[in-house]
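Let us walk through this structure together, helix by helix and then through a few individual residues. Please keep the 3D view open as you read.

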Amino acid sequence: MNTTTPPAATTPTRQAPPYRFPSTPYRITPTRILRSEWHKLRSLRSTWITLTTAAALVLGVGLIMGGMYTSGGGDSDVDVVVLTLYGSLLGQLCVIVLGILVTAGEYATGMIRSSLTAVPTRLPVLWAKAAVFSATVLTVMSTTALTTFAAAQLFLHDTDQAASLTDPGVLRALAGNAVGITLLSLIALGLGSLLRSVPGAIGAFIGGVMILPEVLGMLPYETVERALTYFPTQAAGALGSATPIPGTAAPGPALLALCLWAAATLAAAALSLRHRDA
C-alpha cells in the first residue's frame, strides 16, 4: 500500500507594492525662501532699532544743518543735497552693522544650521538674505532722504541753499544717496557671510573699506589717487551729490564700481558658503 503523502498545495505569494512616501504640499521654492528670510529680518528687534536709529540720525542732522545754516557762510559752496544729508555718514554705519548681523549673526547664534538644513542647496539662502535686506534698506533710506530734504528746506527756503526736487540733479542725488548706502550695506552683508564673525566683519569693513583708502591716499601717485575714486565709500559719496564733486568719479562709473564691489563680495561669500561647513 502506497503511504506517500502528496505534496501540500502552495498558494502563490503576492509581492508587496513598493512603499510610496506621502506627498507633501510643502516644497522649497524661491518665494518661500524669500518669505522665510523676510520673516526672520522683520521679527528681530535689532532690525527696527537699527533702521530707526539710522533714519533718526539722518533726519536729525539734516534738521540741525538746515536750522543753523545762514546765507554766505562757510557752507554756502556745499552741494545742497550733501548739506542736507550730512547725517548719512552716521546713518550708514548703523545700516552696515545691521548688514553684518543679518549673516554673521546667524553663525553666532547657530541659526544658520537650521537655515541650511531647510535649504540644502545653500546659495538661495544667501541670495534671499541679500534681496530682502537690500529692498528693506533701499525703501527706508529713500524715504528718509526725501523726508529729510523736504524738512530741511523748511529752514533753507529763504537762503542761498533753497532748492526743490525738480532742480537739476536733486532727485538723482537723493536716490543715489539711498542706493549708495544700500550697496555699502550689501558689501557688509557679504563680509559677514564670508568671515562668519560679527567683530571680524566689522573690523574688516572699517579697516578695509573706510580706513585703507585714506592710508593709500597719502601715497604720492596719480594712479593710486585715480583708483581711489572707485573705492566703495568714495564711489558712494559721488552718488549723493547733485553737482559734480572735484576729484570724484562721475555718477555712472561710480555706481558701476560700487555694484561690482558688492557683487564681488557676495560672490566670495557664495563660494565660501558652497564649500565650507556651517
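Contact here means heavy atoms within 4.5 Å. One caution before setting out: this is a predicted model.

Helix α2 spans residues 45-68 and helix α4 spans residues 88-109. Their axes come within 8 Å and cross at roughly 170°. Since angles over 145 degrees count as roughly antiparallel, α2 and α4 are therefore roughly antiparallel to each other. On the α2 side, the residues in contact are Ser 46, Thr 47, Thr 50, Leu 51, Thr 53, Ala 54, Leu 57, Val 58 and Val 61. Facing them from α4 are Ser 88, Leu 90, Gly 91, Cys 94, Val 95 and Leu 98. Sorted by class, the residues of this α2 and α4 contact give nine nonpolar, six polar and no charged.

Stay with α4 and turn to its contact with α7. The axes of α4 and α7 come within 7 Å, at a crossing angle of roughly 30°. Because angles under 35 degrees count as roughly parallel, α4 is roughly parallel to α7. The crossing of α4 past α7 is right-handed. From α4, the contact draws on Ser 88, Gln 92, Val 95, Ile 96, Gly 99, Ile 100, Val 102, Thr 103, Ala 104 and Tyr 107. The α7 residues that meet them are Asn 177, Ile 181, Leu 184, Ser 185, Ala 188, Leu 189, Gly 192 and Ser 193. Here the classes come to ten nonpolar, eight polar and no charged residues.

Now follow α7 to another partner, helix α11, which covers residues 251-275. These two helices pack at an angle of about 20°, with their axes 8 Å apart. By the under 35 degrees limit, α7 and α11 are therefore roughly parallel to each other. In this case α7 passes α11 in a left-handed crossing.

Two cysteines have come up along the way. A disulfide is a covalent bond between the sulfur atoms of two cysteines. How many disulfides does the model contain? The count is zero, with sulfur atoms within 2.5 Å as the cut-off.

The loops deserve a visit too. Ala 242 lies in the loop between α10 (232-239) and α11, and it is buried, with a relative accessibility of 12%. Leaving aside residues up to four places away in sequence, Ala 242 touches Asp 79, Val 81, Pro 168, Gly 169, Val 170, Arg 172 and Ala 173. From Ala 242 to Phe 155 the C-alpha distance is 19 Å, with 87 residues separating them in sequence.

Two arginines in loops have backbone angles to look at. Arg 122, between α5 (111-118) and α6 (123-156), has a phi near 70°, a positive value in a residue other than glycine. Arg 196 sits between α7 (170-195) and α8 (198-216), and its phi, near 60°, is positive as well. Is Arg 196 buried or exposed? At 14% relative accessibility, Arg 196 is buried.

Finish with two exposed residues. Met 218, in the loop between α8 and α9 (222-228), is exposed at 67% relative accessibility. Arg 27, in the segment before α1 (30-43), is exposed at 57%. The C-alpha atoms of Arg 27 and Ser 88 are separated by 41 Å.

How values were computed. Residues numbered from 1 in each chain as written. Predicted model: local features only at pLDDT ≥ 70, side-chain atom pairs only at ≥ 80, totals over all residues. Heavy atoms only, no water. Helix = DSSP H or I, 4+ residues; strand = E, 2+ residues; numbered from the N terminus. Buried < 20%, exposed > 50% of the residue type's maximum accessible area, 1.4 Å probe, protein only. Axes fitted to C-alpha atoms, helices over the stretch in contact; angles between N-to-C directions. Parallel < 35°, antiparallel > 145°, perpendicular 65-115°, else oblique. Left-handed = near helix turned anticlockwise from the far one by under 90°. Nonpolar A, V, L, I, M, F, W, Y, C, P; charged D, E, K, R; others polar.
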